[in-house]
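Okay, thanks for coming, everyone.

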Amino acid sequence: MNMACNEEILIYAGQPVLLSRKRIKNIYLRVSRDGRVALSAPARMPREAIVAFLAKHWAWAKMKQAERCEKSAAQQQYETGDRISVWGISCELIVRPAEGRMATVCQKGSHVLLCVPPHATREQREAVIEGWYRTLLARAIPAVLARCEQVVGKRAKEWHIRKMKTRWGTCNVIAARIWLSLALVKHAPEALEYVVTHELTHLWVRNHGSAFKAHMDIYYPDWRRVKKELNRG
């Protein structure tokens, strides 16, 4: 059967989605091994129906992306020559034997020096890097939070860092408590400022409707660009 199709890039939730229109009856959504989202739809399906389908199944797509990302990270050996991201900069990892039993990490320009005991496993090397990531993020948050609180006009009673698979941050509006994704330390500093502003804005507006977006336009005028780049990964 002739399966001629037309392809285009559809931007949804700040991410590019490969849309293929084919001579098929049903619509199909898939996430490739490298995390790219693709959609096959009947040739004459209205664009509104396609967007509605994406909205309904986007949580599933994000979950699959997180699974792909987690699998990719698990394949990383954390050995000399690997590359890791620090505040949006791709750095070469250099692994050296630690003096004594203490593991250490330090950054020198575009290189990250990881010193661990000679027989440290991949999981142990990963844990040391994640601990270092957590320290970097914890050091950065107070200043960013204070600056964003002054702009937004709301204060968080407490903040925490958490490994998240599908979100960059969450907010408990009743407790005024925000949680920030550990992965933010891998992205440019503006991503942290955007997410903190986003979560603080929920202390004014709980949902993501027009009122929320209007607040964000005031507090962080460039938020749409930063969100798009952050979700693009």
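So, R125: buried or exposed? R125 counts as buried, because its relative accessibility is 11%, and buried here means under 20% relative accessible area, with exposed being over 50% and partly exposed in between, using a 1.4 Å probe and protein chains only. R125 sits in helix α2. Helices are DSSP runs of H or I with at least four residues, strands are runs of E with at least two, and both are numbered from the N terminus. Leaving out residues up to four places away in sequence, R125 touches Q77, Y78, E79, V95, L114, V116 and A120, where contact means heavy atoms within 4.5 Å.

A word on what you're looking at: this is a predicted model, where local features need pLDDT of at least 70 and side-chain atom pairs count only at pLDDT 80 or more, while totals for chains, interfaces and linings use all residues. Residues are numbered from 1 along each chain as its sequence is written, and side-chain values use heavy atoms, with hydrogens and water left out.

Y78 is in the loop between α1 (47-75) and β5 (83-86), and Y78 has a positive phi of about 55° although it is not a glycine. Y78 is also buried, because its relative accessibility is 8%. There's another residue with a positive phi: W87, a residue other than glycine, has phi near 50°. You'll find W87 in the loop between β5 and β6 (89-97). With a relative accessible area of 22%, W87 counts as partly exposed.

Zooming out for a second. The protein chain has five helices and 11 strands. Its C-alpha atoms fill a box of roughly 65 × 50 × 30 Å along the principal axes. Of the 233 residues, 39% count as buried. And if you take contacts between residues at least 6 apart in sequence, 42% of them join residues at least 24 apart.

Now the helices, and α3 is the one I'd like you to follow. α3 covers residues 189-201. It has 13 residues and reaches 19 Å from its first C-alpha to its last, close to the 18 Å expected at 1.5 Å a residue; that expected span is 1.5 Å times one less than the number of residues. How many of the residues of α3 are buried? The count is 10 of 13, so α3 is mostly covered. Among them are A191, L192, V195 and E199. The buried residues of α3 pack against α2 (122-152), β10 (169-172), β11 (177-181), α4 and α5 (223-232).

Two packed helices are described by the angle between their axes and the distance between the axes. Take α2 and α3: they pack at about 50°, with axes 9 Å apart. The axes are lines fitted to C-alpha atoms, for helices over the stretch in contact, and angles run from 0 to 180 degrees between N-to-C directions. α2 and α3 are therefore oblique to each other: under 35 degrees would be roughly parallel, over 145 roughly antiparallel, 65 to 115 roughly perpendicular, and the rest is oblique. α2 passes α3 in a right-handed crossing, meaning the near helix is turned clockwise from the far one by less than a right angle, with anticlockwise being left-handed. On the α2 side, the contact includes L137, A140, I141 and V144, and on the α3 side it includes L192, V196 and L200. By class, that contact has 10 nonpolar, two polar and three charged residues. Nonpolar covers Ala, Val, Leu, Ile, Met, Phe, Trp, Tyr, Cys and Pro, charged covers Asp, Glu, Lys and Arg, and the others, Gly among them, are polar.

Then there's α3 with α4 (residues 210-219): about 135°, with the axes 10 Å apart. That makes α3 oblique to α4. α3 passes α4 in a right-handed crossing. Y194, T197, H198 and T201 of α3 meet F212, H215, M216 and Y219 of α4. By class, you get four nonpolar, four polar and no charged residues.

Last stop, T166, in the loop between β9 (158-162) and β10. T166 is partly exposed, because its relative accessibility is 41%. T166 and A66 are 100 residues apart in sequence but 6.2 Å apart in space, C-alpha to C-alpha. Beyond its neighbours within four places in sequence, T166 contacts K62, M63 and A66.
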